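Hello,

Here is the structure I promised to pass on to you.

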Amino acid sequence: MMKKNELKVSELRYFCDPKIFKFKNTSELEPLDEVIGQERAGQAIEFGLNMKSPGYNIFVTGMEGTGKSTIIRDIVNEYAGKNPVPFDWCMVNNFKDEFRPKAIRVPSGKAIYFAKAMGKFIEDMIQELPDVFESETYIERINRVRKKYSEKQKEIYEKTEESARKKNIQINRTKVGFQAIPIINEKPVTPDEFRKLPKKEQDKINKDIGIIQEEVENSIREINKINMALHADIEKMMDEVTLFVVKGRLDIIKGQYSECPDIIEFLDDIRTDIVENVNIFIASEGNSKEEDFLSRFNKSPMDKYKVNVLVDRRFDKGAPVIFETNPTYQNVFGQIEKRAYMGTVTTDFSLVQAGSLLRANGGYLIMEVESVLMHSFVWEALKRALQNKLLAIEDIAMEAGYGTSSLRPEPIPLDVKVILLGNYEPFRLLQDYDSKFNKIFKVRADFDNEVERNDKSTQKYAKFVARACKEEKLLPFTPEGVAAIVEFGEKNIADKNKLSLRFGTIMGIIKEADYWARSDKSEVITAEFVRKAYTEHRFRYNLYEEKMHESYIDNTIMIDVKDEVVGQVNALAVYQLGDISFGRPSRITAETYMGKKGIINIERESNLSGNTHNKGVYILSGYMGRTFAQKYPLSLTISITFEQSYGGIDGDSASSTELYAILSSLSEVPINQGIAITGSVNQKGQVQAIGGVNQKIEGFFDVCLSKGLTGKQGVMIPQSNVKNLMLKREVIDAVKEGKFHVYQVSTIEEGIEILTGHAAGKPDKDGIYPDDSVYGRVQQKLKKYLERAFAIKKEFEDNNNAV
């Protein structure tokens, strides 16, 4: 016969009926093609993707395993596929400032062809320009020009020499210039002969030499002008020839990219630079010092005309979607590589590499926020880029203040939607402490970890299993196998009325069930293999749990699961090891005696108690005062502790348990040790919900099973936790057989009656409880403490007066 407050078997677990599934196995089902239970997140993502205004980037929150990454990627890929493919991007030399290379836009899919066209153009120029300048036509034109100016020079020379002859002076050319030598009797006069001449004749010769020297200087100036004119004409001719050759080839390329102003400007710059520096194409070996120096770095003077393709979208369909799994500064923003040679480093625009932000330009960039925040400089640089809508590819060493000067490419216009994924905590911190976060990431998409269980969601679960089997090439599930997965989904979320949306964990069980089915040579996956997958998965992780369990069996940890004891009760705690959690009992004892210290929390005094546990103990004082100190003050000391607890204690789920121990100690009414308790309490005596209720019940059941079930054992839980029950089948079977019990309570009064078998008692209009009730006995004990305290005080005062 069931006792008061005892739960029925049907209340301890939801059993999914396989008959609701109308298929032989999941191979007959259409795989799931929608998202289960994430309508709120889906609407937020759709809104964020459609909003084109600045700042409407998206941050996605949710627990691990809810499928955020997969769902976001699927939604964004579908949306991006409807958008046009954006521009390709290339990095080219800036002929006005080589340290500030330019990024140019190229029609989508054409960057690589543009780069190849420019490479072919340079190869052709290397071949054609020397051929043109060595052609007979060009040489003939040059010779005509040179002959023209040579005749002018000759005429000047002859005129000067004729003037010198008339004055009997000979003009000789030397390595350092021209020398005027007097002539007498048709012979040059030596210095000695000149000194022997009469003074008057010497003066005349000197005067004539001065006149001739002045004429020579004038002639030299004229000849230099002629030479300059010659060089200018030759240079002009070279420019014309070069321009003719280069323009013809560049015009062909221009015609292919006539709608690209960036490319047209670049080609014009190349044309101008080649015309100005045509000698590098025709320089002889003796004039190639620059080329020889650059060759040490595997560079060529022609490299400045090449095109560095940063982003190639030849194979893209729709806008790009980039999922950056390792968001280092270089991976996100790009980098500038360097070449090393004999202790020296060099770089140029061809060593600039694009990052994921540029590859996603015109599309979508997805990253995990925890990874972003782990890498230095990334977060601040990302905010700056999104705010300014400009991407700067910079040397990270320079950004940090280290290293030598490097390139600073011109900023690139940025049009990208950034989507950050993560748990709640990083986003909470960013919203609270980063003033720019809410201005840049205005759209929040929250992924739920649970969905209401109904026929529709249950059928979608079956389709999810079908999809998993198809994508992962797994064996199909029977209806019983799917029902087991549904039940696992409920147990995973610990709610009979909801299904878990943490599909990462569920996917693991599905794959492991497939493994065990194949190992058994089965062609389908039944409930047996699902349960085995869960059991084996737990077995791989529960060594610590088993070792702890052994300590209960050999009484290393002292726990009574039968008989009755005053001031002693079994509490329940949950231990978490990775994704595995388990419950185990812990003995709480309370001792009450005269004094004024109130409740002494031994864990707190030993610095082993957390803030939440301390709060729970303080609440006990409020309850004791509210219940028993309305007529007179409490005058007692209560010592309470978790026995054999040597680590930290936190949480308030044992506060009701501690209160039961106090009430038992004060009333001297023993507590049934076969019943373990969990639940927090408020100052009004209402028992409140706690976490880990299934693990706690199963943990105590395992200890009772090992020590021997008596039929009187069980667990008492808050009424508000009944909906969370999804107990394992061993517990269900024991309850069916009457060997184990689960009770639900909503007040301390209900709980103390179950634990002691005595009525808690109800106060009369004066606040007095019946003498034979638990609370009446507590009241009597407190009254005795107070009376004894007054008697001691009076005795003390009388003794002092006598003295």
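This is a predicted model: local features need pLDDT of at least 70, side-chain atom pairs count only at pLDDT 80 or more; totals for chains, interfaces and linings use all residues.

The protein chain contains 28 helices and 30 strands. Its C-alpha atoms fill a box of roughly 165 × 90 × 50 Å along the principal axes. The radius of gyration is 47 Å, while a compact globule of 803 residues would have one near 28 Å. Of those 803 residues, 46% count as buried. If you take the contacts between residues at least 6 apart in sequence, 76% of them join residues at least 24 apart.

On charge, the protein chain carries 113 positive and 119 negative side chains, and the centres of these two sets are 2 Å apart.

Now to the rings: the structure holds 26 aromatic pairs. One of them is the stacked pair of F281 and Y305, at 6.1 Å centre to centre with 25 degrees between the planes. F281 belongs to helix 8 (residues 279–282) and Y305 to the loop between helix 9 (289–295) and strand 7 (308–311), so the pair ties together parts that are 24 residues apart in sequence. Both F281 and Y305 are buried.

Y575 and F582 are also stacked, because their ring centres lie 5.3 Å apart and their planes meet at 15 degrees. Here Y575 is partly exposed, with a relative accessible area of 28%, whereas F582 is buried at 2%.

Finally, ring pairs link F281 and Y305 into a cluster with F95, F114, Y257 and F266.

Enjoy exploring!

Best wishes

Terms used: Residues are numbered from 1 along each chain as its sequence is written. Side-chain values use heavy atoms; hydrogens and water are left out. Helices (H or I, at least four residues) and strands (E, at least two) are DSSP runs, numbered from the N terminus. The radius of gyration is taken over C-alpha atoms; the globule rule is 2.2 Å times the number of residues to the power 0.38. Buried means under 20% relative accessible area, exposed over 50%, partly exposed in between (1.4 Å probe, protein chains only). Contact means heavy atoms within 4.5 Å. Lys and Arg count as positive and Asp and Glu as negative; His and the chain ends are not counted. The place of a charge is taken as NZ of Lys, CZ of Arg, CG of Asp or CD of Glu. Rings of Phe, Tyr and Trp (its six-membered ring) pair if their centres lie within 6.5 Å; planes under 30 degrees apart count as stacked, over 60 as edge-to-face and the rest as tilted.
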